[in-house]
Amino acid sequence: MTDKLYNTSFDELALALANDYVSIYVIDMSDDSYVEYTASGANKELKVVSQGDNFYEDTVINCRKMVYSKDQERFLNTFKKECLLDAVQNGRSFSLRYRLIVDGKPQYYFLKIIKGNDERIIVGVQNIDEQTRRNIAEREKTETYSEIAMALSNRYEVIYYVNIITNEYIEYSSSAEYAKLEVGTKGKDFFEAAQVHMKKDIYPDDYPMMKKAMEKDYLMGILDEDGKNVISYRLMLGGRPQYVTLFVVRPKEDSDHIIVAVANVDSAKRMEMEYEDALDSAMDMANHDELTGVKNKRSYAHYEMKMDERIRKNEVKKFAVIVLDINGLKQVNDTMGHSAGDTFIKDACRMISGIFKNSHVYRIGGDEFAAVLEGPDFENRNSLIEELNRVQEEHKEQNKVTVAFGVSDYIPGDDMRLQDVFERADNQMYENKKLYKNLIVFRSSIDKAGIPISDEEQHQRFSIIFSDLMDAITDMEKLDYALIKKKMCMILELFRLSNGVARLYKNIQEEKQGGGETLSCYEIKDGDTELFSIRMVTSIMSIGTITVYQSPDAIPLSEEEHHMLELAMRTTLSYLTRKRLSEVVSKLAFQDEMGYLNLHSYMAYITDEGNRKKFGGKVAFRYNLRHFDDITKDIGKKSGEQVLREHYETLQKLIGDSGILCRLGGNHFIGLCDGDKLGRLLTYFSKATVLYDPASGNSVKISASAGIFKIPEGYIVNNPGDIMEKVISAYNAAESGDKEHIVFYNDSLVIDKMLFMY
């Protein structure tokens, strides 16, 4: 070892120590010998604490003993003699951040090389643990903000990150509308600011509820109990009330903060309300008798199932069933016409409903009604029967409607279902029922064999077909288009029509241009005469029409037949337009404006209970296409969109039905696939050729920056964040990496990434 190491300039060492270096190594470049200095005492006097003949060999030994295990490999690969000498001889700086084990715990240190005079190198070692951990904490906040912005950007217009200790907050907003709220990017008291702005911005009817909901003590009480809170209300935006949803969550890993996000759901909410109105209208139509307005046979069947369940569970003790049948309806129809018959039915219904006011009355057949008497009507059933008899006596004298009826009480232990009680009441009704058997051939009703059928038989056939049609239309679990078409064809045949054609248009312009979708019962033939048409316009201005056709030599429709046919047409058209409305709502909720599956689709997929049990062994990923803006500039926006579409559809095919691929916006995507497809996925991310113009054969090469999370077997997904946070961390590392653009998630990924950023 040369003596000149001990003659190191005091100024050089003092400069190093002034920078708070805890150790100074002076290395002789000619033979690699070294001396280690440290400063001790109040005056920072220099003291030699170690020396050696080969600094680099001793460094390897000391690294194995003192450097944190996860940093050793990187330390040794970086801190090599050739790297160090190359840097100082070429005038470049050389520094390294790593962790040493001190008192059994890893602490952060910073190493820097200083070129001394002559052939000496000075290595300064500084303890930066406190500063680094403080920076990491700040970086974690930044990561949190980034993750929040990514995960919620497609859903929320404004996000607040609130410190519940100080009430300070930071606002993130990308919506021009919400800039009108005049909330700055930072603020001192979130809860005070919220109360101030609510007075002028919230729809008056919703203000009292929101004033209470946004009081700090009240809100924190809910969060302490549930961990989150979701509130729907209306804001005055653009001069009108708009529906918004406020979502508040307190992250478990950050108990000093809450996240408050506001989403404008006005369009979706109003669409949902319109859809519900349309659905309610259809269901109301399905469950109510159009002529009388009371519940129908379908509704009675649903009620019967509920009552059977109550009987099985022994939840009902007392009730009675009354069955009523109109006297003389057939005679009225035959002698006075069906219009008079309809009036007769409605008169009977008014009489029955007026007496049994506290019970649901059901029309279960053409001339038959039933009611289940519970509560007050059961307790007063004898007096109600007396009232019915009294009214009927008056009606007989006045030649008005009367009914035959039978009543039976439920017998606990003997009756196992509602039908048992109904049958006794029905048998009693038939004991005093007069029979009307006169049949008059209806001039325009002909069966398949060409034999005329009676109006009663035609009504019966229509009722059966129409009931089947309603069952098909209102079955939300199984949309059987073939069955609906079949039933409509049967109705056309019953009324001697040659065809029925439905046309659906997205908007008025499409209707004017003759576009849209055409659904026909049969092949459209020349020569048929258009009989009449029905047109409906939905609340979102989509349009539906149904037109029926008849051969010139067919028997014309009677007024009664026209009425029944129009009922079937309106019912079917209502369903078709409602179905289109449902598809529009679904598209708005789970697809973006370009038709790509969006973040809502991804969240719905990974929160689905059936899917969550199958995630073990799968691969979650989040990526973006590298340099895609440059590609678009070169080939044009339209071709760029085609590249994006071809890429998306190719990757969808690769993933198949056992996974999902969704677009977050722009050229950013997120997805999940089976583990055995990871190899092909990585190959596609590394480099893929996309043909965007088949005619000319033009194509581009694309690659991706991607974060990958291989989900372990048996991994339990409790909430979407269990997957999202890992995929996002890996993706952020891939985005900031100098060389690696595909990064796999592991436990040390985030901390290692932060370490290299300082």
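Me: Is the crossing of H12 and H13 left-handed or right-handed?
Reply: In this predicted model, the axes of helix H12 (residues 329-336) and helix H13 (residues 338-355) come within 7 Å. They cross at roughly 150 degrees. The hand of the crossing of H12 and H13 is right-handed.

Me: Are H12 and H13 roughly parallel or roughly antiparallel to each other?
Reply: The axes of H12 and H13 cross at roughly 150 degrees. Angles over 145 degrees count as roughly antiparallel. The two helices, H12 and H13, are therefore roughly antiparallel.

Me: How many residues of the contact of H12 with H13 are nonpolar, polar and charged?
Reply: From H12, the contact involves Leu329, Val332, Asn333 and Met336. These meet His338, Ala340, Gly341, Phe344 and Ile345 in H13. By class, the residues of this contact are six nonpolar, three polar and no charged.

Me: Which residue in E17 is the bridge partner of Leu324?
Reply: Strand E14 (residues 320-326) is paired with E17 through seven bridges, in the antiparallel sense. Six of the seven residues of E17 (residues 403-409) are buried, so the rest of the structure largely encloses this strand. The bridge partner of Leu324 in E17 is Phe405.

Me: Which residue in E29 is the bridge partner of Leu625?
Reply: Strand E24 (residues 619-625) and strand E29 (residues 704-710) run antiparallel and are joined by seven bridges. In E29, the bridge partner of Leu625 is Ala704.

Me: Is Ser232 buried or exposed?
Reply: Ser232 lies in strand E10 (residues 228-237). Beyond its neighbours within four places in sequence, Ser232 is in contact with Met209, Val244 and Thr245. The relative accessible area of Ser232 is 51%, and the class above 50% is exposed. Ser232 is therefore exposed.

Me: Is Ile231 buried or exposed?
Reply: Ile231 is also found in strand E10. Not counting residues up to four places away in sequence, Ile231 touches Met209, Met210, Ala213, Val244, Thr245 and Leu246. The relative accessibility of Ile231 is 8%, and buried means under 20%. Ile231 therefore counts as buried.

Me: How far apart in space are Ile231 and Val248, C-alpha to C-alpha?
Reply: In sequence, Ile231 and Val248 are 17 residues apart. In space, the C-alpha to C-alpha distance between Ile231 and Val248 is 8.6 Å.

Me: Which residue in E12 stands opposite Val162?
Reply: Strand E7 (residues 158-163) is mostly covered, with six of its six residues buried. Val158, Tyr160 and Val162 lie on one side of E7, and Ile159, Tyr161 and Asn163 on the other. E7 pairs with strand E12 (residues 257-264) in the antiparallel sense over six bridges. In E12, the residue opposite Val162 is Ile258.

Terms used
Residues are numbered from 1 along each chain as its sequence is written. This is a predicted model: local features need pLDDT of at least 70, side-chain atom pairs count only at pLDDT 80 or more; totals for chains, interfaces and linings use all residues. Side-chain values use heavy atoms; hydrogens and water are left out. Buried means under 20% relative accessible area, exposed over 50%, partly exposed in between (1.4 Å probe, protein chains only). Helices (H or I, at least four residues) and strands (E, at least two) are DSSP runs, numbered from the N terminus. Two strands pair if DSSP finds at least two bridges between them. Axes are lines fitted to C-alpha atoms, for helices over the stretch in contact, and angles run from 0 to 180 degrees between N-to-C directions. Angles under 35 degrees count as roughly parallel, over 145 as roughly antiparallel, 65 to 115 as roughly perpendicular and the rest as oblique. A crossing is left-handed if the near helix is turned anticlockwise from the far one by less than a right angle, and right-handed if clockwise. Contact means heavy atoms within 4.5 Å. Ala, Val, Leu, Ile, Met, Phe, Trp, Tyr, Cys and Pro count as nonpolar, Asp, Glu, Lys and Arg as charged, and the others, Gly among them, as polar.
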